[in-house]
Amino acid sequence: MLKILLIFFNLFAFCGFAQEKNIILVVDAGHGGYDPGTERSHKKFKHEKDIVLAISLKINKILENQYDKLEIIYTRQKDVFVSLEDRVFIANDKPADFFVSLHCNSNPNSSISGVQIHIHHESFSKSELLAKTIEKELTEKAKRISRGILNYKDRDQHLFVLQNTKMSSVLVEMGFLSNSEEEKYLNSEAGQQEIAEAIASGMVKYAEKIGLKTKASKSGKKVFKVQIKASDKKMALDHKFFEKLKMEVEESFSSKEDDILPYKYSVGNS
Ligand SMILES: [Zn+2]
């Protein structure tokens, strides 16, 4: 018992109490205003800027007021031009925990189709985890074909919002407007809803990975936790190190790319 008390004494000295914080997500609908992005092939369709906005508004409808601790910021909620610098500023200034930019693809070869997710650098493992989480939902829920996760070397190009945001960030190409089938799908109410649900679900799953509590918590009660361990690898919760504490250990995950010990373990009431 004394040993346990001593362990705790040291931990309190180093870590103190921390109140559970919100997870902040930025949803970035690409283009807008005088920048249409990929233009429609026919008047009955919409430009890229309108499709990505419609999908981001659907995501808003799906997620709003769903999770107490998930704060979502939209870089635009109407048809206005927002500069790339402003989009990055919105995310870094907060600072957000993760950033998801929505776009539609285009290719001179109209037979090319599928979703594609971009990250900045191959060493950005948290952005990659975010990309994989969203990719899984898009392929399983929305039945999209994935063309893979690309970094700046794969595409031989930097993407400003990914290069300059400081948190986990991805750019989702939700399909090719140059492919007639996908253009139709992305313009349809059902297609937009399906994509929005898949992306929203991927974002919530990632938010859970970095500490969002989606199960009902005892409301009105302050939550105090003490971090007892940080690790570069995922640890088993029945690891010897935790066993001696004889308390329930909880795992969370930090989404900051420069955090080399992203797996955090804490005890306390939640
Ligand atoms: Zn675009």
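Leaving aside residues up to four places away in sequence, histidine 47 touches Pro36, Thr38, Glu39 and Arg40, where contact means heavy atoms within 4.5 Å. Histidine 47 has its place in the loop between S2 and H2; such helices (H or I, at least four residues) and strands (E, at least two) are DSSP runs, numbered from the N terminus. With a relative accessible area of 16%, histidine 47 is buried, a word that stands for under 20% relative accessible area, while exposed stands for over 50% and partly exposed for what is in between (1.4 Å probe, protein chains only).

This is a predicted model, in which local features need pLDDT of at least 70 and side-chain atom pairs count only at pLDDT 80 or more, whereas totals for chains, interfaces and linings use all residues. Residues are numbered from 1 along each chain as its sequence is written, and side-chain values use heavy atoms, with hydrogens and water left out.

The zinc ion is coordinated by His31 (NE2), Glu48 (OE) and His103 (ND1), at 2.0 to 2.1 Å. Donors are N, O and S atoms within 2.8 Å of the metal (3.2 Å for Na, K and Ca), and sites may look incomplete because water is not among the atoms. Along the chain, the donors of the zinc ion follow the spacing H-x16-E-x54-H. Histidine 31 lies in the loop between strand S2 (23-29) and helix H2 (48-63) and glutamate 48 lies in helix H2, so the pair ties together parts that are 17 residues apart in sequence. The phi of histidine 31 is near 60°, a positive value in a residue other than glycine.

The table lists relative accessible areas for some of the residues in this report.

| Residue | Relative accessible area | Class |
|---|---|---|
| Histidine 31 | 17% | buried |
| Glutamate 48 | 3% | buried |
| Lysine 143 | 63% | exposed |

Lysine 143 lies in the loop between helix H4 (125-140) and S6, and lysine 143 has a positive phi of about 55° although it is not a glycine. Another backbone feature is the cis peptide bond that joins lysine 94 and proline 95, with omega about -15°; proline 95 is found in the loop between H3 and S4.

The strands come next. An open sheet is formed by 6 strands in the order S3-S2-S4-S7-S5-S6, with mixed pairing, and two strands pair if DSSP finds at least two bridges between them. Strand S3 (70-74) and strand S6 (146-150) are the edge strands, each pairing on one side only. Strand S4 (residues 98-105) and strand S7 (residues 168-176) pair in the parallel sense over 7 bridges, and valine 172 in S7 is the bridge partner of leucine 102. H2 packs on the sheet, touching S2, S3, S4 and S7, and its direction makes about 140° with that of S4; axes are lines fitted to C-alpha atoms, for helices over the stretch in contact, and angles run from 0 to 180 degrees between N-to-C directions. Helix H3 (residues 84-93) lies across S2, S3 and S4, running at about 170° to S2.

The axes of helix H7 (residues 180-187) and helix H8 (residues 189-209) come within 4 Å and cross at roughly 80°. In H7, Tyr185, Leu186 and Asn187 meet Glu189, Gly191, Gln192, Glu194 and Ile195 in H8.
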